[in-house]
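The sequence and structure come first.

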Amino acid sequence: MSEQVPLLELRRVFKTYPGAGEPAPVLNGVDLRVASGESLAIIGPSGCGKSTLLNIMGTLDAPTSGTVTFDGRDVVTLNDRERAEFRNRSIGFVFQFHHLLPQCTALENVLVPTLVNRQAKDARERGMHLLERVGLANRKDARPGELSGGECQRVAVARALINTPRILLADEPTGSLSREGALDLTKLLLELNQEERIALVAVTHSLEVAAMLGCIYELNGGALTARRGNAV
Ligand code: ADP
Ligand code: MG
């Protein structure tokens, strides 16, 4: 296992936001390897840099220094177009709030990422399959306003998977759900992680949610420590 190229690798990643006063690094030399198909949780106090880290893993933000490689390929130095294409194809995102388009149906929302750079030929079929998989086939024509918070988050998960990404990055995906809803959604994410061999990285406040994933890392003081599972 360990001799294989990791799916996603961060090496000596630093991030400093320019701002008032003396800038302190939010990320202070983070090293992280995510293998294909694994699941890991990132925990840590509010404001410690979890979203910053996830955004850098997903190429939504660039590190101040350090490298991010995907399948051994440097993704920091891609140009904007290449990076957007790579992200759309290889990475799925789920956030705390679903960010569904209110005027579109559940199925249309799931299909949004397919409108960018790929022919919509098989997309509808896969969209229906995913809605079925997240338990919402019978709500395909419902608009977000007609769905519960948990249902909207399931639509957002289906949307994140429509382009068959290699990794799903979830930033507090259960943060607006009830405890029961949070455990249900995490169970679903793990099933998809295993069935489709999509690596899953979830930032969470909930130790209960974190404990369901394969390993747990804690971010504190800009450094990442393995709390359980694979050593860094
Ligand atoms: P977490 O997700 O763990 O709550 P964040 O990654 O959102 O933490 O933020 C980490 C720190 O970086 C916080 O102090 C936050 O205020 C700061 N920060 C986040 N984004 C920006 C930004 N775009 N510009 C300046 N500071 C930021
Ligand atoms: Mg955050």
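## Terms and basis

Helices (H or I, at least four residues) and strands (E, at least two) are DSSP runs, numbered from the N terminus. Contact means heavy atoms within 4.5 Å. Axes are lines fitted to C-alpha atoms, for helices over the stretch in contact, and angles between N-to-C directions run from 0 to 180 degrees. Two strands count as paired if DSSP finds at least two bridges between them.

The model is predicted: local features need pLDDT of at least 70, side-chain atom pairs count only at pLDDT 80 or more, and totals for chains, interfaces and linings use all residues. Residues are numbered from 1 along each chain as its sequence is written, chains are lettered from A and ligands numbered from 1 in the order in which they are written, and side-chain values use heavy atoms, with hydrogens and water left out.

β6 and β7 (residues 167–171) are parallel and share 4 bridges; V94 has A170 as its bridge partner in β7.

## The four-stranded sheet

A second open sheet has 4 strands in the order β2-β1-β4-β5, with antiparallel pairing. β2 (27–34) and β5 (73–74) are at the edges with a single partner strand each, so one side of each has no neighbour in the sheet. Helix α1 (residues 50–57) packs on this sheet as well, touching β1, β2 and β4, and its direction makes about 130° with that of β1.

Strands β1 (residues 8–15) and β4 (residues 65–70) pair in the antiparallel sense over 5 bridges. In β4, S65 is the bridge partner of F14, and T67 stands opposite R11. β4 also runs antiparallel to β5, joined by 2 bridges, with F70 opposite R73. The hairpin of β4 and β5 has 2 residues between the strands, and D71 there takes a positive phi near 55°.

## Ligand site

Which residues surround ligand 1? The shell (residues with a heavy atom within 4 Å of the molecule) consists of Y17, V26, P45, S46, G47, C48, G49, K50, S51 and T52. By type, the shell divides into 4 nonpolar, 5 polar and 1 charged. In this scheme Ala, Val, Leu, Ile, Met, Phe, Trp, Tyr, Cys and Pro are nonpolar, Asp, Glu, Lys and Arg are charged, and the others, Gly among them, are polar.

An oxygen atom of ligand 1 is 3.3 Å from a backbone N or O atom of C48. A polar backbone atom of K50 lies 2.8 Å from a ligand oxygen, and a polar side-chain atom of T52 lies 2.6 Å from one. The protein covers 52% of the 560 Å² of accessible area (Shrake-Rupley method, 1.4 Å probe) that ligand 1 has on its own.

Terms used
A polar contact is a pair of N or O atoms within 3.5 Å; within protein, one must be able to donate a hydrogen and the other to accept it, and residues adjacent in sequence count only if both atoms are side-chain atoms.
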